[in-house]
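Here is a tutorial for a first reading of a protein model.

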Amino acid sequence: MSEFLQQTVNGLAWGSIYALIALGYTMVYGVLRLINFAHGDVYMIGAMTGYYAGNLITRGLPAGAAFPVVLACSMAVCGVLGFLIERAAYRPLRNAPRINSLITAIGVSLLLEFGGQLLFGADPKVFPPLIPEQPLFEIGGAVIGRIQAVIFAVALVLMAVLRFIVVKTRLGKAMRAVSFSHVASQLVGVPLDTVVSFTFVLGSMLAGAGGVLVGIANPKVEPLMGIMPGLKAFVAAVLGGIGNIPGALAGGLLMGLSETYVVGYVSSTYRDALAFVLLILILLVRPGGLFGKSVSDKV
Amino acid sequence: MGILRKPVSVIAAGILACWVVQEFATPWINPYHLQILNTIGIAAVMAVSLNLITGHTGQFSLGHAGFMALGAYASAAFTVHLNPDALGLVPILPDWAWRPLFFVTALAAGGATAALAGLIVGIPTLRLKGDYLAIATLGLGEIIRVIVLNLEFVGGARGFTGIPESSNFFWIFSALLVLTVLMARGVYSLKGLAFLAVREDEVAARSVGINTTRYKVLAFVLGSFWAGVGGGLFAHLNTYLHTNSFGFLKSVEYVVMVVLGGLGSITGSLVAAALLTLLPELLRIASEWRMIFYALLLVVMMILWPRGLMGQRELRWIRRVKP
């Protein structure tokens, strides 16, 4: 039982990182109907920035202060990167057929991956130990470590901030309007380009935070690390219902939990296939995702 | 004029020509060049078959290498484990007759396996919009990889060795010829217009009575079948298989071929398959820049030149038959 609880805690920690990445996918899909394949690589850049920032900038800082600075650096770099990607690669194709944007997204993703290999080197790097691991408290035999506590805390705070932005602010309202209809929102004066840029910046910052959280939990970072988590986070977004923010959260947690259970109780070799089996099952049973609703085409 | 008028005689003449080249010309070709030529042929089979799914029908598949892997493993398992020697049988037919027959059966088995997988994945995902297909096919590639790594009778994680070297110039280019002629015949026929209609506008296609899901699944299953055949040819050319040869990047390479050639142009796929197979050979020195070059090519091409080399045009000999 205590083992099961421990697996659950580990799964929730992984799941909240998936959820952070999945939120970026779901928001971009919401406003542009585009699978941003480069999102997983933005998360990789977040982890890489964390690695360099952790080693270079924060060397003199006390242990407690280093982590927030590194997190802020990664989020800032990823925010700028997300803005640039949208501006340079996706905006010229805003009105092009969907397939062209998808291919561009793959191109951007490959560019970041292999550009990253040239820039950072292909070998894995060891993330600096920003948070010294130490068991904090115990529930029914399951130990929650300091790193996991930080992951939960950061993920919760960021999601609360995101929820506040989307629900309470003018920009959030504009985002929801754009995801409802491009044309209608422009007619009532919503600045489409600004809203789309803002969505990319927001989503990329969350991915950057996810990168740093992965770095402290699992300290090997390398340029191709974003591919699998990116795909799984996308599957998590589809599981929850793509375009739906609470859905991305639920999908991410579900994905993290089921993966940890499979590794713990079945075999680690099936870990990478699980996400896609889940995807195909969910598409068979509930194509709109758990929280989504299927919409039929109108002419 | 045009190969579409008399497909049977064109195929027969072409296969004969391939046989003549195989028998009389290949011994004089530099083995390295022959290897490149054969690689181009297999890439062309993959590109033309993917073009049916992505170019003509407008469905974005990112798992073409996965279907290729299925075909490769299935046909290799067929020739290794089900050949008459392994089963302890003596073929009734003379050697020169049953060997080609056996190889064709193996290729067909590979194609059929891939087509079956295509059907299973295609039916749920093709009811939805194209994006889901991309991600589901990508996932399928991953599922196939994990399953193959756990299957001992195809070598598991060590890779599959000891596949007979049955594939050669004759087989590869005959397959390519058959595929090209059938594809041109099919897509540019009156019924084939339904594929193009699905690509252009699904809602409009449905409203004129086209069963869009049926045509999407049909294109997907046929494309997967030929990807499986391509995989079978690949397996029996290299005589060794490992799942690493069929990763996501391989699928992307085929997508790049189709897009560079022009979505919906068979000629374009052929040209692009040749170009993009030759290019890395010429750029061997700059190998680490190759993928960056690919990536930039994709982005820049989509922005500046979204229709590819040929657009939707074809060379004259492959053009539509006037009714």
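Q: Where is the place of V285(A)?
A: V285(A) sits in helix α11 of chain A, residues 271–285. Helices (H or I, at least four residues) and strands (E, at least two) are DSSP runs, numbered from the N terminus.

Q: What should I know about the model and the numbering?
A: This is a predicted model: local features need pLDDT of at least 70, side-chain atom pairs count only at pLDDT 80 or more, and totals for chains, interfaces and linings use all residues. Residues are numbered from 1 along each chain as its sequence is written, chains are lettered from A and ligands numbered from 1 in the order in which they are written, and side-chain values use heavy atoms, with hydrogens and water left out.

Q: Does V285(A) count as buried or exposed?
A: Buried means under 20% relative accessible area, exposed over 50%, and partly exposed in between (1.4 Å probe, protein chains only). V285(A) has 67% relative accessibility, so it counts as exposed.

Q: How many residues apart in sequence are V285(A) and A22(A), and how many Å apart in space?
A: The two are 263 residues apart in sequence. In space, C-alpha to C-alpha, they are 21 Å apart.

Q: How many helices and strands does chain A have?
A: Chain A has eleven helices and four strands. Its radius of gyration is 19 Å, close to the 19 Å that the globule rule gives for 299 residues, so chain A is as compact as a globular protein of that length. The radius is taken over C-alpha atoms, and the rule is 2.2 Å times the number of residues to the power 0.38. Along the principal axes, the C-alpha atoms of chain A fill a box of roughly 55 × 45 × 35 Å.

Q: How many helices and strands does chain B have?
A: Chain B has 13 helices and zero strands. For its 323 residues, a compact globule would have a radius of gyration near 20 Å; chain B has 19 Å, which agrees. Its C-alpha trace spans about 55 × 45 × 45 Å along the principal axes.

Q: What share of the residues counts as buried?
A: In chain A, 55% of the 299 residues count as buried. In chain B, 56% of the 323 residues do.

Q: What do contacts say about sequence separation?
A: Contact means heavy atoms within 4.5 Å. Take contacts in chain A with a separation of 6 or more: residues 24 or more positions apart account for 77% of them. In chain B, among contacts between residues at least 6 apart, 84% join residues at least 24 apart.

Q: How do I read the charges?
A: Lys and Arg count as positive and Asp and Glu as negative; His and the chain ends are not counted. The place of a charge is NZ of Lys, CZ of Arg, CG of Asp or CD of Glu. Chain A has 19 positive and 12 negative side chains, with the centres of the two sets 14 Å apart. Chain B has 22 positive and 14 negative side chains, and there the centres lie 13 Å apart.

Q: Which residues is T57(B) in contact with?
A: First, its place: T57(B) is in the loop between α2 (31–56) and α3 (64–81) of chain B. T57(B) has a relative accessible area of 0%, so it is buried. Leaving aside neighbours within four places in sequence, its contacts include F195(B), V198(B), R199(B) and Y215(B). The side chain of T57(B) also reaches the backbone oxygen of L52(B) at 2.7 Å.

Q: Is S174(B) buried or exposed?
A: S174(B) is buried, with a relative accessible area of 6%. This residue is found in helix α7 of chain B, residues 169–187. Not counting residues up to four places away in sequence, S174(B) touches I15(B), C18(B) and F169(B).

Q: What about L93(B)?
A: L93(B) is in the loop between α4 (84–87) and α5 (95–126) of chain B. At 43% relative accessibility, L93(B) counts as partly exposed. L93(B) touches W98(B) and L101(B), not counting residues up to four places away in sequence.

Q: How do I read phi?
A: Most residues other than glycine have a negative phi. R33(A) is not a glycine, yet its phi is positive, near 55°. R33(A) is in the loop between α1 (2–32) and α2 (39–56) of chain A. T239(B) is also not a glycine, and has a positive phi of about 60°. T239(B) lies in the loop between α10 (212–238) and α11 (248–261) of chain B.

Technical notes:
Polar contact = N/O pair within 3.5 Å; in protein donor to acceptor, adjacent residues only side chain to side chain.
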